[in-house]
Amino acid sequence: MKAVQPHNRPTPLPLFRQIFEKATATGMENPNAVALSTVSPEGRPSTRTVLLKQFDERGFVFYTNLGSRKAQDIAGNPNVCLHFYWRQLGRQVLIEGRAEPVSDAQADRYFASRARTSRLGAWASRQSQPLSGRGELLKEVARYEARFLASPVPRPPFWSGFRVVPDSFEFWKQGAFRLHERLRFERTEEGWRQLRLFP
Ligand SMILES: Cc1cc2nc3c(=O)[nH]c(=O)nc-3n(C[C@H](O)[C@H](O)[C@H](O)COP(=O)(O)O)c2cc1C
């Protein structure tokens, strides 16, 4: 059963939203870019950037190719970490949690909202597989352009999203003289527990 947050105990999402909106308001490119770390079933970590596309109380959603290394890692080990750093704000946010697949309906809706060329690109890319050169990729795009010439481009079966369901957040705020602020939230049976950490 889902724990109910006791009245007047702070929760991390409003703070995340506030910082994210501030980052977006700066006009910086890709304020939603986030480093995603995964760990293979053998315990080998890896990190790459993805774009955060949705977030709410349920979690943080990104989309990718299901044949990619990150998706393969998650299939074998759902523990992941998201790392945001907004230099312009002097803010870092770390989120740890478990990645779970989004529903087909949600992935379809998001895919349909993308530009046609991006949708064709998703079909054309066997993400993280060896590529002989740019020519091979462009040939693949042309092949799918021809295939879907007279119809909408459907979501490829190998492309979908993951929702990171957080179990901890850590907010870092740059302070003068390295006296930074670190605020941590941990999910417990009774809801979110908040604690401050030495910088
Ligand atoms: C700014 C930026 C945004 C990116 N967004 C995504 C994304 O949303 N989804 C994705 O699969 N890859 C995205 N990529 C590419 C990934 O960083 C990565 O190269 C690719 O997904 C393959 O990763 P993997 O082999 O570790 O799975 C992005 C890269 C950059 C630099």
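Close-up 1. Asn30 counts as exposed because 10 other C-beta atoms sit within 10 Å (the cut-offs: buried at 20 or more other C-beta atoms within 10 Å, exposed at 12 or fewer, partly exposed in between, with C-beta atoms placed from the backbone). This is a predicted model, where local features need pLDDT of at least 70 and side-chain atom pairs count only at pLDDT 80 or more, while totals for chains, interfaces and linings use all residues. Residues are numbered from 1 along each chain as its sequence is written. Look for Asn30 in the loop between helix H1 (12-25) and strand S1 (33-39); helices (H or I, at least four residues) and strands (E, at least two) are DSSP runs, numbered from the N terminus. Its phi is near 45°, a positive value in a residue other than glycine. Most residues other than glycine have a negative phi.

**Close-up 2. Ser128, between two helices.** Here the loop joins helix H4 (116-124) to helix H5 (134-147), and Ser128 is in it. Ser128 also has a positive phi, near 75°. With 15 C-beta neighbours inside 10 Å, Ser128 comes out as partly exposed.

**Close-up 3. The shell around the ligand.** Ser128 turns up again here, among the closest of the 16 residues that surround the ligand, along with Arg48, Thr64, Ser68 and Lys70 (near means a C-beta atom, placed from the backbone, within 6 Å).
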